[in-house]
Amino acid sequence: MDTDTISAISTPIGEGAIAIVRLSGENAVSIANQVFQGKDLEELSSHTIHYGKLIDPETDELVEEVMVTVMRGPKTFTREDIVEINCHGGLVSVNRVLELVLSNGARLAEPGEFTKRAFLNGRIDLSQAEAVMDLIRAKTDRAMNIALKQMDGRLSMLIQTLRQELLETVAHVEVNIDYPEYDDVEEMTNRILIEKSKKVLEQIEQLLETAKQGKILREGIATAIIGRPNVGKSSLLNALAHENKAIVTEIPGTTRDVIEEYVNVRGVPLRLVDTAGIRDTEDIVEKIGVERSRQVLKEADLILLVLNYGDEFTEEDKRLFEAAKGMDKVVIINKTDLPQKLDLEEVRQVAGDVPIIQSAIIKEKGIDEIEAAIANLFFEGDLNTADLTYVSNARHIQLLKSARNALQEAMDGMEAGLPIDIVQIDVTRTWEILGEIIGDTVQESLIDQLFSQFCLGK
Ligand code: GDP
Ligand code: ZN
């Protein structure tokens, strides 16, 4: 394994004013010491922070004033010696610091290499390593919490427990094969095998159920605001964005450069779809036609359907309901400050069992209620989501599905009366697949591929 000293800019989430250049490896401290003026870093006790100047030993030039943290292994993230150089300057000066340590013996870290070392040195398991990556990408506090919990090993613990259960059944099968002459052993083995497999299967199913929510939290809920012209779609968008600090991201390379806008509504990340069409103050249906708006609707996870309180319920409104049939939606009856013309009873009948919220966005009324309705849709009833173990990683979901299928095959085999040592093959396979989630049975190549997806510097 590599033990050379690696370094990278490891800027904390959100790119603050402070940037960190991180070194990890055998010579982390001695390399930092070569360029640091103030104290002898080799002499300092571990996990302490020190002010000083970085001097280029070749030119004696001052590079930066910095704070340096010295952390001796194994009580570090990588279990190696780590030095973190905190620079207050912008990108240019941070790069100069990085270049300085690189020209004094460090090697530029590959993407994910710090985390890879943490994994290879047994500091974290694979699902925790992946959580680090999710953390970097987390868009809301809730998504961040999931990542943090996974990092702290909850998913791993659950998977370990399930594997243990399966291992016990395999042990029973072994006994059975060794002493086939005892009838009651076979009977007991079958019973235990079925019982335990059922239990594990149920837990896997449960984990998979959280996957939908987990994915949504990570990627944002694709949300479309629809409604006739002038009902207040843009106003609603602006109100949501204004209260929740919209993050606008451009995704180049698509057919047209889509503008995605994220707003964080009480921990639910909404990814507002095709907001350009709404921003233009032109109506989506009018502008791009019914076909295109159907497409937008098809891609959406959530519909915010806006109606006008001061206007009658029209055929066009009904068509919108028709187009959004069966989808998660919140109906917003806007402009309640105007004299009523809308037949609320009719709306209720057409809308069916969905939340209907009244608002006067122009008067800042009803926005809280709209937000609450959205949040309720996705965190229905359970304010204790904090205690759930979520699965949100695509690789984990894939593996859980394979594990479920393998175990289902084992149980089908049992029911069909297959010999127990045949059934055992599927149980063992399930055990192996679950192991891949936490990296117990993965091959080197998979590990490399995973870690290369990490951001540089983590
Ligand atoms: P859109 O075409 O659906 O995007 O509608 P807009 O958001 O552009 O709003 C159309 C007009 O209705 C604008 O003049 C808004 O100021 C106005 N408007 C928005 N919300 C309200 C409301 O709650 N009450 C009233 N009276 N007018 C509103
Ligand atoms: Zn508009």
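UniProt positions are given here in the numbering of this structure, with feature names shortened, and the annotations may be inferred rather than shown by experiment. With that in mind, the UniProt record (an unreviewed entry) puts the feature "binding site" at Ser-234 and Thr-255. The structure itself is a predicted model, where local features need pLDDT of at least 70 and side-chain atom pairs count only at pLDDT 80 or more, while totals for chains, interfaces and linings use all residues. Residues are numbered from 1 along each chain as its sequence is written, and chains are lettered from A and ligands numbered from 1 in the order in which they are written.

Ser-234 has 18 other C-beta atoms within 10 Å, so it is partly exposed. On this scale a residue is buried with 20 or more other C-beta atoms within 10 Å of its own, exposed with 12 or fewer, and partly exposed in between, the C-beta atoms being placed from the backbone.

Ser-234 also turns up around ligand 1, as one of the closest residues along with Gly-232, Lys-233, Ser-235 and Ile-362. In total, 18 residues surround this ligand, where being near means that the C-beta atom, placed from the backbone, lies within 6 Å. Helix α8 (residues 233-244) gives the most to this shell, with three residues. Sorted by class, the shell holds seven nonpolar, seven polar and four charged residues. Here Ala, Val, Leu, Ile, Met, Phe, Trp, Tyr, Cys and Pro count as nonpolar, Asp, Glu, Lys and Arg as charged, and the others, Gly among them, as polar.

Next comes strand β8 (residues 221-227), which is largely enclosed by the rest of the structure because six of its seven residues are buried. Strands of a sheet pair through backbone hydrogen bonds, either parallel or antiparallel, and two strands are taken to pair if DSSP finds at least two bridges between them. Three bridges link β8 to strand β11 (residues 268-272) in the parallel sense, with Ala-222 partnered by Arg-271. Strand β12 (residues 302-308) also runs parallel to β8, joined by five bridges, and there Val-306 stands opposite Gly-227.

Elsewhere, seven strands form an open sheet with mixed pairing, in the order β3-β4-β5-β6-β2-β1-β7. Its edge strands, each pairing on one side only, are β3 (36-37) and β7 (107-108). Strand β1 (residues 6-9) runs parallel to β7 over two bridges, and Ile-6 has Arg-107 as its bridge partner. Helix α1 (residues 28-35) lies across β2 (19-24), β3, β4 (48-56), β5 (61-71) and β6 (82-87), at about 35 degrees to β6. That angle runs from 0 to 180 degrees between N-to-C directions, using axes fitted to C-alpha atoms, for helices over the stretch in contact.

Arg-22 sits in strand β2 and is buried, with 26 other C-beta atoms within 10 Å. Glu-84 belongs to strand β6 and counts as buried because it has 20 C-beta neighbours inside 10 Å. Leaving aside neighbours within four places in sequence, Glu-84 is in contact (C-beta atoms, placed from the backbone, within 7 Å) with Ile-20, Arg-22 and Thr-69.

Conventions: Helices (H or I, at least four residues) and strands (E, at least two) are DSSP runs, numbered from the N terminus. Two residues are in contact if their C-beta atoms, placed from the backbone, lie within 7 Å.
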